[in-house]
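Reader: I'd like to go through the labels on this one and hear what each of them rests on. Let's take them one at a time.

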Amino acid sequence: MASRVCTFNDPVLIAQGFHRMRKLNVVVHKWEVGLLLLVSSGLQTLCAHYFRVALYLDLSLILVLYVGWYSGPAAGAASGTAFGLVQDAIYRTFLGLNGLSKTIAGFAASLLSKVFRLDDLFSRIAVIMVVSALDSAVLYLMLLLLEQDIGQRFWLDALIKALVTGVAGGIGSRFYDHFKFPKKDFRRVGA
Amino acid sequence: MTDFVRRPIVALLLLVALNIALLSVQIRNESGRTLLRSWSLSVFTPVAWGVNSLTGGLARALARYVFLYRAAEERTQLLAENGRLRLEVTKLRNVEQLLARVPDYELVRQQYDFSTRPAAVIWKSPPFYSQRLLINAGTRQGVKVDSAVIVPRGIVGRVIATTPFTSEVELITNGGAGAGALLADSRLEGIVRGDGSQILSWNYIPSYEKAEVGQSIYTSGTDRIYPKGIPIGRIISSTKGKKIHREIRVKPNVDFLRLEEVLIVTRN
């Protein structure tokens with residue numbers, strides 16, 4: 001099913017009962033965010049030390065977007081700061097570099113979830129790819145502002161990261177949703 | 001208040017500010033200062049500039065058009081001073097001609113030859129906080145970090161940070177600030193240091209040397225910041241210490257609480 005741009009104020013969707021989607025905004029609990037943070041930290045630490053190619057998959061970004069989709073913009077931004085700072089600590093970069101970009105990503109994800117339908121795979125992949133590119137752009141700007149060295153392959157790496165993160169994030173978040181809401185039939189949300 | 005903080009955009013701005021603050025305290029610029037300090041100086045400069053322009057303009061207008069009752073008296077004083085300085089210049093020219101015949105004259109001349117650039121003090125830190133000034137001359141005017149800042153009566157301090165149009169000056173009285181110094185009469189050399197008060201201490205003078213109250217001390221030029229021969233102050237107490245050095249206190253010639261204009265040494 002192709003993704004479709006719509007809003008909660010769309011009368012057609014309201015007539016179809018789309019407003020029920022609002023209920024999803026309360027499904028991510030604080031303990032769950034903490035658990036995700038712990039698991040992602042462990043995985044990223046392992047990857048940073050033993051399997052650096054896997055760092056093209058930005059696990060923190062996927063989790064920040066996931067939390068952002070199912071919570072308000074403030075919670076999305078706060079989870080972005082938490083995930084980003086942990087990522088900075090693991091990668092041994094300046095504390096706040098990923099913290100800043102992930103904060104903006106979490107905030108943007110929450111806003112996007114209010115505007116776009118993100119219940120099908122392709123729209124999720126597309127949104128994750130776009131936000132991943134935004135995340136790289138914020139990182140690039142900050143590195144420029146802070147007068148730090150930027151690798152020649154920065155944008156190529158950013159592109160690969162966006163593709164890998166987009167595909168893995170789209171599939172992974174759908175899988176996690178099915179695991180979390182086993183009885184939910186996403187094809188019949190609007191019915 | 002809680003509702004205000006919970007607003008999404010406020011939360012975003014607070015978190016972004018937190019991350020930027022974290023970044024700026026970790027990263028240092030070429031002169032070793034944290035970016036937070038450099039940024040705050042850049043942000044604060046226009047404010048200080050604006051306030052100074054406003055108050056300075058008002059004070060100048062009042063002095064120029066309203067308070068003229070002392071103009072005649074000042075004119076008489078200036079004419080007398082001008083005559084005295086003319087005589088002094090003639091005398092110094094004669095001394096210079098005499099010295100030109102001495103070997104190593106060029107070396108001596110280089111030590112005393114420096115150019116200055118005037119600048120106005122546009123902001124002073126509270127005395128209880130840190131002994132710093134902001135002046136309205138920066139890198140565009142040739143000011144660099146570690147440029148000496150003086151007034152005709154004596155040394156003021158050194159530049160510790162610059163922006164294109166302003167510079168931050170650390171006063172010689174600040175804790176940790178120092179300058180090479182020598183006694184005018186005996187050429188005895190030591191180091192004057194500030195401790196945050198309005199009085200300096202003159203260190204590393206052996207107990208057996210004479211350093212009496214009332215004697216003047218000048219910069220020695222050995223610190224490579226201040227040119228040689230600039231007055232620093234007068235000795236106000238000199239006692240034999242418990243160790244091998246004297247304990248000497250020096251009152252600076254400059255009244256740091258009333259500084260309005262300074263000279264920056266741009267070539268030494």
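Reader: Which residue does Trp202(B) stand opposite in strand 11 of chain B?

Author: Trp202(B) faces Ile248(B) there. This is a predicted model, where local features need pLDDT of at least 70 and side-chain atom pairs count only at pLDDT 80 or more, while totals for chains, interfaces and linings use all residues. Residues are numbered from 1 along each chain as its sequence is written, with chains lettered from A and ligands numbered from 1 in the order in which they are written.

Reader: What makes strand 8 of chain B and strand 11 of chain B a pair?

Author: Strands pair if DSSP finds at least two bridges between them. Strand 8 (residues 200-203) and strand 11 of chain B are joined by 3 bridges and run antiparallel, so they qualify. The strands themselves are DSSP runs of E with at least two residues, while helices are runs of H or I with at least four, both numbered from the N terminus.

Reader: And how many bridges link strand 10 of chain B to strand 11 of chain B?

Author: Strand 10 (residues 231-240) has 7 bridges to strand 11 of chain B, again antiparallel. In one of those bridges, Ser237(B) is the partner of Arg249(B).

Reader: Which residues of strand 11 of chain B are on the covered face?

Author: Arg246(B), Ile248(B), Val250(B) and Pro252(B) are. On the uncovered face you get Glu247(B), Arg249(B) and Lys251(B).

Reader: Why is Val254(B) called buried?

Author: The label takes 20 or more other C-beta atoms within 10 Å of the residue's own, with 12 or fewer meaning exposed, anything in between partly exposed, and C-beta atoms placed from the backbone. Val254(B) has 23 such neighbours, so it counts as buried. It sits in the loop between strand 11 and strand 12 (261-267) of chain B.

Reader: What does Val254(B) touch, leaving aside its neighbours within four places in sequence?

Author: Val151(B), Arg153(B), Gly154(B) and Val156(B). Contact here means C-beta atoms, placed from the backbone, within 7 Å. As for Ile155(B), its C-alpha is 7.2 Å from that of Val254(B), though 99 residues separate the two along the chain.

Reader: What stands out about phi in Tyr204(B) and Arg224(B)?

Author: Most residues other than glycine have a negative phi. Tyr204(B) has a positive one, near 65°, and Arg224(B) is also near 65°. Tyr204(B) lies in the loop between strand 8 and strand 9 (216-219) of chain B, and Arg224(B) in the loop between strand 9 and strand 10 of chain B.

Reader: How do you know whether helix 5 of chain A is enclosed or open?

Author: Count its residues: 15 of the 19 are buried, so the helix is largely enclosed by the rest of the structure. Helix 5 (residues 97-115) of chain A reaches 28 Å from its first C-alpha to its last, close to the 27 Å expected. That expectation is 1.5 Å times one less than the number of residues.

Reader: What makes a group of residues a nonpolar core?

Author: Its members must be buried Ala, Val, Leu, Ile, Met, Phe, Trp, Tyr or Cys, joined through C-beta atoms within 7 Å. The largest has 40 residues, and Leu63(A), Val64(A), Leu65(A), Ala105(A) and Val131(A) have the most contacts inside it. Helix 2 of chain B is one of the elements that supply at least two residues of this core. Another core lies apart from it, with 36 residues, among them Ile232(B) and Val250(B).

Reader: Which residues does Leu65(A) contact, beyond neighbours within four places in sequence?

Author: Ala105(A), Ala109(A), Ile128(A), Val131(A) and Gly169(A).

Reader: How many residues does each chain bring to the contact between them?

Author: Chain B brings 14 and chain A brings 15. Helix 2 (residues 8-26) gives the most to chain B's side, with 11 residues.

Terms used: Two residues are in contact if their C-beta atoms, placed from the backbone, lie within 7 Å.
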